[in-house]
Amino acid sequence: IDEVDAAALSLGEGDEVTLVSETGRMTGRLKLVRLPAHTLQVHWPEGNALLPAGPGEREPISRIPDYNAVVRLERTTDPAS
């Protein structure tokens, strides 16, 4: 997550969060980096849980999925701990 976005959400390095999309969810720990505002970077293959898996959801020739999933970020760690 971008450092500025994390600060605005009172999140810090290593905080546990859950990302939720229409397709699935995944839980992980934050790494603070520089990214475009309001974006997250999720690594493969863990992030595939957030992506639709049907053949219509992939580029027809390369079969690469659309990595532009819209997700909601949920805090899973208590900020006081």
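Here are some friendly notes on the structure above, which is a predicted model.

1. **Overall make-up.** Let us start with the whole chain. The protein contains 1 helix and 3 strands, and the elements follow one another along the sequence as α-β-β-β. Along the principal axes, the C-alpha atoms occupy a box of roughly 45 × 20 × 15 Å.

2. **Burial and surface.** Of the 81 residues in the protein, 21% are buried. The accessible surface amounts to about 6,000 Å², and carbon and sulfur atoms account for 54% of that area.

3. **Contacts along the sequence.** Take the contacts between residues at least 6 apart in sequence: 59% of these link residues at least 24 apart.

4. The 3 strands form an open sheet in the order β2-β1-β3, and their pairing is antiparallel. The edges are taken by β2 (25–29) and β3 (72–75); each has a single partner strand, so one side of each has no neighbour in the sheet. From one strand to the next, the twist averages 25 degrees.

5. **Strand β1 and its two partners.** Strand β1 covers residues 16–20 and pairs with β2 over 5 bridges, in the antiparallel sense. Its pairing with β3 is also antiparallel, with 4 bridges. How much of β1 is buried? The strand is mostly covered, with 4 of its 5 residues buried.

6. **Residues facing each other across the strands.** V17 can be selected next: the residue opposite V17 in β2 is G28. As background for reading such pairs, side chains in a regular strand alternate between the two faces of the sheet.

7. **The β1–β2 hairpin.** Strands β1 and β2 are joined by a hairpin of 4 residues. E22 sits in this loop between β1 and β2. Is E22 buried or exposed? With a relative accessible area of 86%, E22 is exposed, because exposed means over 50%. There is also a distance to check here: E22 and R34 are 12 residues apart in sequence, and their C-alpha atoms are 26 Å apart in space.

8. **S10, a backbone point.** Which residue in the loop between α1 (3–8) and β1 deserves a look? S10 lies in that loop and has a phi near 55 degrees, a positive value in a residue other than glycine. S10 is exposed, at a relative accessible area of 55%.

9. **H38, another positive phi.** H38 is not a glycine, yet its phi is positive, at about 65 degrees. Where is H38 found? H38 belongs to the loop between β2 and β3. The relative accessibility of H38 is 74%, so this residue counts as exposed.

10. **R63 and the way to R75.** The loop between β2 and β3 also holds R63. R63 has a relative accessible area of 61% and is therefore exposed. How far apart are the C-alpha atoms of R63 and R75? They are separated by 33 Å, with the two residues 12 apart along the chain.

11. **Putting it together.** To recap, β1 lies between β2 and β3 in the sheet order, and 4 of the 5 residues of β1 are buried.

Note on methods. Residues numbered from 1 in each chain as written. Predicted model: local features only at pLDDT ≥ 70, side-chain atom pairs only at ≥ 80, totals over all residues. Heavy atoms only, no water. Helix = DSSP H or I, 4+ residues; strand = E, 2+ residues; numbered from the N terminus. Buried < 20%, exposed > 50% of the residue type's maximum accessible area, 1.4 Å probe, protein only. Contact = heavy atoms within 4.5 Å. Areas by Shrake-Rupley, 256 points an atom, 1.4 Å probe, with all protein chains shown as cover. Pairing = 2+ DSSP bridges. Axes fitted to C-alpha atoms, helices over the stretch in contact; angles between N-to-C directions.
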